[in-house]
Amino acid sequence: MGRPRGAAADLRLQILFLSPESVVPANVTNLAEHNAAIYLPDARFQDVLALLRSGESLYGYVSDSHPLSNQIRTSFDPVDEE
């Protein structure tokens, strides 16, 4: 993936946690407004909180053409999938 560049480096990535009865909307990316959002079920809140408490750096991956690919990572490098 490499380092952030251009407008993406200044982008605000929001992580929104939704209650179980909520319909989970599609992730959103709006590069013109430097904003993106990831929607997660509230059951994932403790997982994200544990990452923040660990002191590891978190990096956001944002795609304007494929917002479903928006994600947070603990490294710049993509995770290998087999």
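Trainee: Which residue is the bridge partner of asparagine 30 in β3?

Mentor: Start with the general idea: strands of a sheet pair through backbone hydrogen bonds, either parallel or antiparallel. In this predicted model, asparagine 30 has asparagine 35 as its bridge partner in β3.

Trainee: How many bridges join β2 to β3, and do the two run parallel or antiparallel?

Mentor: Three bridges link β2 with β3, which covers residues 35-41, and the two strands run antiparallel.

Trainee: What is the order of the strands in the open sheet?

Mentor: Read across the sheet, and you get β1-β3-β2, three strands with mixed pairing. The edges are β1 (12-18) and β2 (28-30), each of which pairs on one side only. From one strand to the next, the twist averages 15 degrees.

Trainee: Let's pick a residue. Is threonine 29 buried or exposed?

Mentor: Threonine 29 sits in strand β2. Its relative accessible area is 15%, and the cut-off for buried is under 20%, so threonine 29 counts as buried.

Trainee: Which residues is threonine 29 in contact with, leaving aside neighbours within four places in sequence?

Mentor: On that count, threonine 29 touches Asn35 and Ala36, along with Val62, Ser63, Asp64, Pro67 and Asn70. Asn35 has come up already, as the bridge partner of asparagine 30.

Terms used
Residues are numbered from 1 along each chain as its sequence is written. This is a predicted model: local features need pLDDT of at least 70, side-chain atom pairs count only at pLDDT 80 or more; totals for chains, interfaces and linings use all residues. Side-chain values use heavy atoms; hydrogens and water are left out. Two strands pair if DSSP finds at least two bridges between them. Helices (H or I, at least four residues) and strands (E, at least two) are DSSP runs, numbered from the N terminus. Axes are lines fitted to C-alpha atoms, for helices over the stretch in contact, and angles run from 0 to 180 degrees between N-to-C directions. Buried means under 20% relative accessible area, exposed over 50%, partly exposed in between (1.4 Å probe, protein chains only). Contact means heavy atoms within 4.5 Å.
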